[in-house]
Amino acid sequence: MNAVPLALYSAALVAYVWHFARRSVAAGRAATTLLVFAALAHTFVVGMQTMEAGHVPMTGPTSAISTFVWLLCLAYLYTEMMTDERAMGVFITPLLVALQTIPAFRPGVEDRAAVLQGPLFGVHVSSLLFAYASFALACVIGITYVLLFKEIKAKHLGFFYARLPSLQVLDRMNHATVGIGWIFLTIGIAVGAMWAAQAQGTYGAAGDPRVQAMHLLDPKIFVALVCWFVYSFELFAARRIGWGGRRAAYLSALGFAIVLLNLVPVSYFLTTSHNF
Amino acid sequence: MHLVLVGISHRTAPVDLRERVDFATRGLPAALQALGTRAIAREAVVLSTCNRAEIYIACEDAAAAPDSLVGFITDFHGVSRSDIAEHVYDAAGLEVARHLFRVSAGLDSLVVGEPQILGQVKEAHTAAVDARTAGPILNRLFHASFGVGKRVRTETRIGSGAVSIGYAAVALARKIFGGMQGRSVVVVGAGEMGKLTALHMKSQGVQRVTIVSRTMSHAARTAEAIGGASAAPWDELDAALHASDIVITATGASAPILTKAHIESIMRRRRNRPLFVIDIAVPRDVEPAAGEIEQVFLYNIDDLQAAVRENLARRGGEVARAEAIVAEEIDKFEAWLRSRGAVPTIVALRQRFEAIRRAELERLDFKLSSLSADARARVDEVTRLLVEKLLLTPTEQLKAAGDSEAIAAYTDALNRLFALTGGNTVESADPANDVEPSAPVANVEPLAASNVEPPAASNVEALAASNVEPFTRTRPRSPR
């Protein structure tokens with residue numbers, strides 16, 4: 001079922017590339033339209049899976065990635081409509097396509113373990129997925145900032161100069177997306193800790209090894225905390241020591257690299273606490 | 001009717017001569033009125049910008065017109081003929097269209113592709129419409145040229161990229177800061193170059209301009225010249241730099257006045273807010289190494305000029321595409337102009353039929369006199385419709401004839417078959433409308449009145465006008 005959004009994301013990717021390379025307005029409109037349809041299709045998929053499984057598909061790593069892609073797409077479309085700026089699509093859609101291939105080729109929603117019931121768990125996962133989507137946007141904005149920055153610094157006003165919005169706009173967008181992401185990351189981690197404390201009381205005592213593994217040194221938890229420190233530092237440094245612009249952009253890229261690490265390889269291969 | 005153009009432009013004349021023949025100084029209406037009194041043309045438009053003064057006319061005598069127009073220019077501006085003779089160019093027929101189309105497209109501009117000229121051409125036409133010196137031919141010609149200008153700008157990239165130092169600097173500032181609103185600019189040095197760049201920034205909406213100079217009185221004078229700018233003494237340079245987003249350095253100093261270390265210390269105090277430094281001084285005012293500082297964007301005059309050259313080269317590549325559009329539009333205009341060749345014949349034919357109809361109605365008047373007024377009106381209506389129906393197809397066929405040979409053959413045949421006297425003009429049925437059709441205009445008023453060339457009975461004329469001339473008339477006919 002996740003293959004349909006994948007196909008639409010791929011089509012949107014092609015249109016965004018065409019739009020970016022040729023600066024074709026028609027291709028840009030087509031790209032947005034395709035992405036809107038992809039988002040609708042993906043909404044339908046997520047909705048159907050929710051009805052089928054009785055819960056939002058985000059309890060296992062595969063369905064969490066699918067939901068993440070869906071949130072990222074919505075977040076991107078929102079920014080595109082707010083800023084009337086399509087240049088970022090060419091950087092976001094490859095990420096959507098790459099991540100969506102995982103759920104497309106690993107169909108089905110993971111069963112929900114009994115331990116994962118309750119509202120706290122839902123808040124935990126959805127805040128984190130939303131935070132990661134924000135960080136993905138921030139990363140892409142940061143990359144485009146660096147590309148434009150380098151062209152202006154090198155006095156070679158070429159490809160990106162003609163296509164990207166101004167450095168100041170990119171810097172502000174980066175700051176805003178990191179700020180929003182940081183708030184949700186903080187909520188997600190805090191609620192996760194609360195939930196884990198609760199779960200350890202009942203399920204940990206009952207001998208669930210995953211719940212017993214929920215401590216700071218579990219890879220998934222540890223990496224999430226590293227993320228939190230990276231983004232906290234970025235926000236602090238931009239305010240206090242003038243680390244805006246390119247340095248903030250690099251930090252956004254670094255932060256999201258860690259997010260991706262956490263979202264895919266750590267989830268599938270390393271964690272002992274989060275493998276539901 | 002023939003199109004004729006006489007003009008002086010940056011291609012043929014230096015600026016001091018162009019200034020002397022600038023029609024804008026005394027106003028286009030005055031020029032158009034003066035031109036009207038000379039009775040050279042039936043239609044006239046005067047285009048006057050700082051780079052060109054051109055007169056476009058539609059007239060009967062294309063051979064004598066250029067000389068008369070040069071005479072008009074010398075008299076109007078009080079310059080001697082020998083002063084301008086070698087700088088004047090003229091054109092006739094389709095070459096006039098080609099020239100105007102190229103002008104509107106920005107192909108004839110000093111800076112190829114500059115956008116202002118299209119607006120100036122529109123203003124020239126509007127002035128002529130207001131002065132009632134524009135007629136069907138020039139209306140068509142100018143509307144076509146607006147279309148050319150628009151097409152060239154949307155279909156080619158001839159207008160893209162900054163092509164002056166000032167524009168290049170503003171374009172860069174926009175790419176760094178997003179917009180110029182709320183930005184503050186510091187100009188270091190009170191020279192001309194700095195002033196000009198600051199003026200350009202000001203016109204783009206920057207909030208604050210501060211002039212810093214070693215001599216406070218120079219700074220104050222330049223600030224006054226810019227208007228709305230403030231001056232600051234040299235020892236407040238650091239404070240000014242701290243508060244600004246854009247720095248323009250243009251002093252005559254022989255050694256750099258801003259070193260890397262100096263700017264580094266300022267950037268620390270600014271908490272690394274981006275600083276755009278434009279060094280247009282030669283020798284340079286800013287140490288080149290300052291460009292290595294994070295968030296300092298240093299451009300000197302050579303860097304800006306390189307950007308300008310790149311953009312000019314890109315525009316040059318678009319010229320061929322723009323010329324192709326001009327050629328296409330000339331073909332369209334030519335087709336329209338040819339189809340106009342049939343207008344006198346169509347009008348004459350309609351007048352002939354109308355005359356016959358009226359004559360017959362008069363002849364039968366005694367027989368119709370017994371009818372009621374209502375019925376007589378009906379008879380009049382039926383005969384009129386009959387004539388119109390009969391003429392509809394021939395009129396359409398004539399209009400559709402594409403090349404001049406076919407039109408000539410048709411008009412010749414019609415002239416013979418219906419004995420249309422003189423081919424082009426016929427006696428008007430209505431003596432009130434009897435204006436000498438081929439007489440050159442003696443004042444401004446008849447210029448407008450001659451919107452449709454030969455005078456004719458009003459209903460016939462309205463029909464001819466609506467059928468033959470695809471443009472909308474900009475002015476109602478003046479009552480006579």
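**Figure 1. The largest nonpolar core and the residues with the most neighbours in it.** In this predicted model, the largest nonpolar core has 132 residues, a core being a set of buried Ala, Val, Leu, Ile, Met, Phe, Trp, Tyr and Cys residues joined through C-beta atoms within 7 Å. A residue counts as buried if 20 or more other C-beta atoms lie within 10 Å of its own, as exposed if 12 or fewer do, and as partly exposed in between, with C-beta atoms placed from the backbone. Ala12(A), Phe68(A), Leu129(A), Tyr132(A), Ala136(A), Ile248(B) and Val277(B) touch the most other members. Helix H5(A) gives the largest share of this core, 19 residues. A second, separate core of 58 residues includes Ile8(B), Ala44(B), Val96(B) and Ala128(B). Local features need pLDDT of at least 70 and side-chain atom pairs count only at pLDDT 80 or more, while totals for chains, interfaces and linings use all residues. Residues are numbered from 1 along each chain as its sequence is written, and chains are lettered from A and ligands numbered from 1 in the order in which they are written.

**Figure 2. Phe68(A) and helix H3(A).** Apart from its neighbours within four places in sequence, Phe68(A) is in contact with Leu99(A), Leu129(A), Tyr132(A), Ala133(A) and Leu263(A), where contact means that the C-beta atoms, placed from the backbone, lie within 7 Å. Helix H3(A), residues 61-83, has 23 residues and reaches 32 Å from its first C-alpha to its last, close to the 33 Å expected at 1.5 Å a residue, the expected span being 1.5 Å times one less than the number of residues. Helices (H or I, at least four residues) and strands (E, at least two) are DSSP runs, numbered from the N terminus. Asp84(A), which follows H3(A), has a positive phi near 55°.

**Figure 3. The bend in helix H10(A).** H10(A) bends by about 35° at Asn262(A), and Pro265(A) follows within four residues; the bend is the angle between axes fitted to the seven residues ending at a residue and the seven starting there. The buried residues of H10(A) include Gly255(A), Phe256(A), Asn262(A) and Leu263(A).

**Figure 4. His274(A), in the segment after H10 of chain A****.** His274(A) is buried because 21 other C-beta atoms lie within 10 Å. Not counting residues up to four places away in sequence, His274(A) touches Lys220(A) and Ser267(A). Ile221(A) is 53 residues from His274(A) in sequence, yet their C-alpha atoms are 8.7 Å apart in space.

Definitions and conventions
Two residues are in contact if their C-beta atoms, placed from the backbone, lie within 7 Å.
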